[in-house]
Amino acid sequence: MFRTQICDILNIEYPIILGGMVWVGRADLVAAVSDAGGLGVLGAGGMTVEDIEKDSEIIKAKTSKPFGLNVPLARPDADELINAAIDCGASVISTSAGSPKKYTALIKDRGAKAMHVVSAAKFAKKCEEAGLDIIVAEGFEAGGHNGFDEITTMALTPQVASSVSTPVVSAGGIADGRGFVAALALGAQGVQIGTRFMASAEAAAHQNVKDAVVNMEDSGTAITGRTTGGPARCLKNKLTDMIVAEEAKGTPPDKLMEMIGGGRSITACLDGDCDEGSIYCGQIGGSITSIKTAGEIIADIVSEAKQVMESLNSL
Ligand SMILES: Cc1cc2nc3c(=O)[nH]c(=O)nc-3n(C[C@H](O)[C@H](O)[C@H](O)COP(=O)(O)O)c2cc1C
């Protein structure tokens with residue numbers, strides 16, 4: 001059940017993809033998601049070629065199933081990271097935050113599948129022209145960077161699915177079997193999940209971050225960076241309060257960037273400072289009440305989705 005075209009393209013059991021997560025989505029989580037039948041994807045945003053080589057060895061020691069790598073295209077060395085990942089056995093490359101055109105041929109010529117994350121149907125059409133294998137439609141409720149047009153998953157997924165014939169995966173606000181079935185109903189052939197997997201046993205995030213996700217409410221996120229060129233959904237804390245207040249005051253972007261300083265996501269994700277650090281997190285975090293293994297999360301999603309289908313059939 002739930003076998004879609006995405007399963008055939010990616011050679012996986014369930015059309016459930018671990019969204020690339022900078023600092024958080026490292027080898028243990030990737031291996032666990034792939035081993036449970038989904039697609040584990042390394043979040044290479046903060047990784048070097050050496051990190052990719054080391055993590056790939058760990059993944060391959062833990063599972064023989066396919067895995068992928070996500071590269072935000074803001075990285076000037078994106079092609080080096082992509083080549084390193086494919087050399088190390090990654091069979092799927094997911095790109096985000098930029099134009100995938102330049103990289104699609106490189107990925108496909110090397111025999112890997114190419115996915116790209118979009119925030120509006122106009123970008124999905126460009127992906128189709130560029131020959132991407134899978135398009136990820138990511139709505140505004142998602143954790144991390146999202147689109148300037150602020151389109152929600154509920155509105156975005158069907159519009160992207162209707163505008164291209166390339167298979168579409170829905171992302172943003174999906175954490176359980178209800179969201180999974182809803183995404184399929186909206187025209188997606190699979191889901192990409194970040195926040196739910198951040199609160200998993202295998203995620204590389206600090207325990208304080210996982211606990212903060214478990215304790216948050218549906219209103220617990222804020223958008224920062226609307227004025228600095230990169231809107232991002234983060235867990236509300238002292239840092240986001242400061243940024244949102246400064247943006248509302250009209251503080252110039254360069255001054256604001258100076259006030260924020262570098263390394264805030266490391267401060268949170270790896271050092272556990274949930275007040276002063278930047279923690280990417282989606283609105284669906286309010287529904288997460290416990291830290292589970294990635295295998296349990298996938299099993300829960302599939303079993304709840306079956307129940308949802310049964311109850312829909314009985315209507
Ligand atoms: C902590 C965190 C880090 C993320 N880092 C990246 C990243 O490096 N590259 C990327 O394309 N998306 C990134 N995302 C977005 C995810 O890949 C995924 O698409 C998104 O989390 C899905 O929405 P959800 O959070 O509601 O599940 C990140 C999300 C989170 C929560």
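The axes of helix 3 (residues 49-62) and helix 4 (residues 78-87) come within 9 Å and cross at roughly 20°, where axes are lines fitted to C-alpha atoms, for helices over the stretch in contact, and angles run from 0 to 180 degrees between N-to-C directions. Helix 3 is therefore roughly parallel to helix 4 (angles under 35 degrees count as roughly parallel, over 145 as roughly antiparallel, 65 to 115 as roughly perpendicular and the rest as oblique). Helices (H or I, at least four residues) and strands (E, at least two) are DSSP runs, numbered from the N terminus. On one side V49, I52 and E53 of helix 3 make the contact, and on the other E80, L81, A84 and A85 of helix 4, two residues being in contact if their C-beta atoms, placed from the backbone, lie within 7 Å. Five of these residues are nonpolar, none polar and two charged (Ala, Val, Leu, Ile, Met, Phe, Trp, Tyr, Cys and Pro count as nonpolar, Asp, Glu, Lys and Arg as charged, and the others, Gly among them, as polar).

This is a predicted model, in which local features need pLDDT of at least 70 and side-chain atom pairs count only at pLDDT 80 or more, while totals for chains, interfaces and linings use all residues. Residues are numbered from 1 along each chain as its sequence is written.

At the level of the whole chain, the domain assignment gives domain 1 (5-204 + 292-313) and domain 2 (207-284), with bounds that come from an automatic or database domain assignment. Their centres, taken over C-alpha atoms, are separated by 23 Å, and the contact takes 19 residues from domain 1 and 16 residues from domain 2.

Of the 30 residues around the ligand, G19, S96, G143, G194 and G282 come nearest, a residue being near if its C-beta atom, placed from the backbone, lies within 6 Å. The largest share of this shell, three residues, comes from helix 9, and the shell divides into 13 nonpolar, 14 polar and three charged residues.
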